[in-house]
Amino acid sequence: MEFANLNLSLVAPEITLLVLTSVILLIDLFVKDEGRAVTHILSLATLVVLTWMSLSDLASGVQGAAFDGMYVTDSLAHVLKVFSYIAVGVTLIYGKGYAKDRGMLRGGELYVLSLLALLGQMVMISAGNMLTIYLGLELMSLSFYALVALRREHTVSTEAAMKYFVLGALASGLLLYGMSMIYGATGTLNLAGIARATSGATDNHMILVFGLVFLVAGLAFKLGVVPFHMWVPDVYQGAPTAVTLLLGGAPKLAAFAIVLRLLVDGLFGLAADWQPMLAIMAVLSLAIGNLAAIMQSNIKRMLAYSTISHMGFVLLGLMSGVVEGSAFNAQNAYTSAMFYVVVYVLTTLSSFGVLMLLSRSGFECENVDDLKGLNRRNPWFAGVMLVQMFSLTGIPPTVGFYAKLAVLQSLIQTNHVVLAVVAVLFSLIGAFYYLRVVKVVYFDDPVDQAPLQGSAGFRTVLSVNGVLLLVLGVFPAPLVALCAQAISSSLAL
């Protein structure tokens with residue numbers, strides 16, 4: 001295949017990450033320290049370099065297409081990539097001590113596979129072609145299959161990895177089959193070409209809708225929404241907590257990006273067909289996610305079902321952007337969805353950070369009862385946990401409240417009042433299990449008096465993470481404006 005338009009400068013972040021990951025892999029061969037301090041520092045340094053590159057491109061307004069449109073870079077890509085770097089970097093900081101205690105740092109696989117998964121996410125975020133989307137998705141997925149099973153001697157982790165691999169392979173097959181149907185009907189894999197082919201009347205409408213169903217099913221699996229959510233609780237519980245956070249953080253940003261690019265950029269002409277699909281999956285996710293979470297005593301499973309319900313909110317934001325003749329409402333809707341997913345990732349980082357802070361060698365903090373009396377052991381981190389739970393619930397003045405409000409406003413502006421009421425009702429149900437955690441933290445007697453472990457860097461980052469949820473709740477305008485600018489300059493609304 002011959003490319004007339006390479007524009008390799010646009011792909012500089014991906015090339016840089018691939019080269020530096022290869023260098024880290026080679027250097028790690030000579031590292032004897034079981035704490036992997038050198039590998040850890042090099043990985044964080046790589047993420048700092050990537051963040052600087054993407055911020056520079058964002059400030060300079062760098063945008064364009066490479067490889068004849070297979071790769072696109074724009075404000076949306078820059079912003080989502082920066083938050084992906086932050087999410088992976090924070091996860092590696094939180095997870096270092098946790099991984100060392102569980103023998104996961106005997107080799108550098110944790111770092112190398114995390115960076116390769118990040119590379120897959122970056123390819124997904126900048127994909128302008130269905131083939132590119134699939135390549136990025138598979139690179140990310142294959143890395144995560146190995147990461148979930150990183151504790152080879154741990155039966156639960158191995159079982160979770162097998163479930164994730166089997167179901168992930170099925171979802172990839174659905175996605176690939178949907179792509180092949182879309183290609184058969186339009187004659188192109190390029191999203192811009194698909195948009196042109198589906199913008200008017202077409203004789204292949206039935207084939208397009210048939211392919212769209214499989215496409216949405218594959219995307220729904222990656223987002224972890226009902227009815228393709230069955231892997232989420234088992235994998236969240238079975239994976240080591242550091243890997244659970246890798247799964248629950250940055251990949252949500254990449255999944256959001258490919259949903260936006262595929263459905264809005266590529267298949268907006270079929271919006272009347274995919275909008276009802278998203279609405280149904282959103283309501284089911286809110287219902288099953290919140291109701292199932294109430295019954296969980298394992299906090300990782302509870303947060304897994306919580307993830308399902310929050311992705312339902314993201315889908316509500318995405319589906320409310322389909323308003324004929326109203327670009328303003330569409331921009332508000334997609335902005336609210338992007339803002340929501342970014343806020344969710346920041347909150348998730350903090351939540352699992354506290355779980356890893358409470359875990360130690362020989363003890364896994366994964367039950368709600370393990371949080372008993374945290375306020376008496378450390379009032380500051382109990383306060384951080386309080387802010388996280390309030391943000392997930394949507395209680396002011398946390399940023400989670402403003403994120404939910406933004407999605408509800410977009411629903412009401414587009415006359416989806418019934419869906420807004422349903423979302424509020426299920427959010428009230430969800431408040432029960434979040435506030436139960438707060439009750440355990442503040443009003444129950446501690447069953448464990450062991451001192452909280454964690455390096456100074458860990459505690460500092462976790463504190464900043466928690467405070468940020470309050471600061472962004474009081475001053476959400478800058479982040480909202482950033483999301484709005486990314487959406488308006490990147491999507492043809």
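Colleague: Is Asp68 to be read as buried, exposed or partly exposed?

Modeller: A residue is buried under 20% relative accessible area, exposed over 50%, and partly exposed in between, using a 1.4 Å probe and protein chains only. Asp68 counts as partly exposed because its relative accessibility is 36%. This is a predicted model, in which local features need pLDDT of at least 70 and side-chain atom pairs count only at pLDDT 80 or more, while totals for chains, interfaces and linings use all residues. Residues are numbered from 1 along each chain as its sequence is written, and side-chain values use heavy atoms, with hydrogens and water left out.

Colleague: Where is Asp68 found, and what is its phi?

Modeller: Helices (H or I, at least four residues) and strands (E, at least two) are DSSP runs, numbered from the N terminus. Asp68 is in the loop between strand E1 (64–66) and strand E2 (71–73). Although Asp68 is not a glycine, its phi is positive, about 55 degrees. Asn415, in the loop between helix H17 (399–413) and helix H18 (417–443), also has a positive phi, near 65 degrees. Asn415 counts as exposed because its relative accessibility is 68%.

Colleague: Which residues does a cis peptide bond with omega of about 5 degrees join?

Modeller: That bond joins Val226 and Pro227. Pro227 is in the loop between H8 and helix H9 (231–238). Another cis bond runs from Pro396 to Pro397, with omega near 10 degrees; Pro397 belongs to the loop between helix H16 (379–393) and helix H17.

Colleague: Is Gly108 buried or exposed?

Modeller: Gly108 is buried because its relative accessible area is 6%. Gly108 sits in the loop between helix H3 (75–101) and helix H4 (109–125). Its C-alpha atom is separated by 9.7 Å from that of Gly35, 73 residues apart along the chain.

Colleague: Which residues have the most contacts inside the largest nonpolar core?

Modeller: In soluble globular proteins, nonpolar side chains tend to be buried together. A nonpolar core is a set of buried Ala, Val, Leu, Ile, Met, Phe, Trp, Tyr and Cys residues joined through side-chain atoms within 4.5 Å. In the largest one, of 164 residues, those with the most contacts are Trp274, Leu318 and Leu371. Helix H14 (residues 327–358) gives the most to this core, with 19 residues.

Colleague: Which residues make the nonpolar surface patch?

Modeller: A patch is made of residues with over 30% relative accessible area and no salt bridge; like charges are joined within 9 Å, and nonpolar side chains (Val, Leu, Ile, Met, Phe, Trp, Tyr) within 5 Å. A salt bridge is a side-chain nitrogen of Lys or Arg within 4 Å of a carboxyl oxygen of Asp or Glu. Areas come from the Shrake-Rupley method with a 1.4 Å probe, and for residues only the protein chains shown count as cover. Here Leu8, Ile15, Val19, Val23, Ile27 and Val38 make a patch of about 460 Å². Helix H1 (residues 12–28) gives the most, with four residues. Val38 lies in helix H2 (residues 37–60) and counts as partly exposed, at 43% relative accessibility.

Colleague: How many cavities of 30 Å³ or more does a search of the whole structure find?

Modeller: On a 1 Å grid over the protein atoms alone, a cavity is a set of points where a 1.4 Å probe fits but cannot get out, and lining residues have an atom within 4 Å of a point. Points are joined across faces, edges and corners, and a volume is the space filled by probe spheres set on them. The search finds seven, and the largest cavity has a volume of about 80 Å³. Its lining includes Met140, Phe144, Trp231 and Lys252. The largest share of that lining, three residues, comes from H11.

How values were computed: On a 1 Å grid over the protein atoms alone, a cavity is a set of points where a 1.4 Å probe fits but cannot get out, and a pocket is an open set with protein on both sides within 12 Å along at least five of seven lines; lining residues have an atom within 4 Å of a point.
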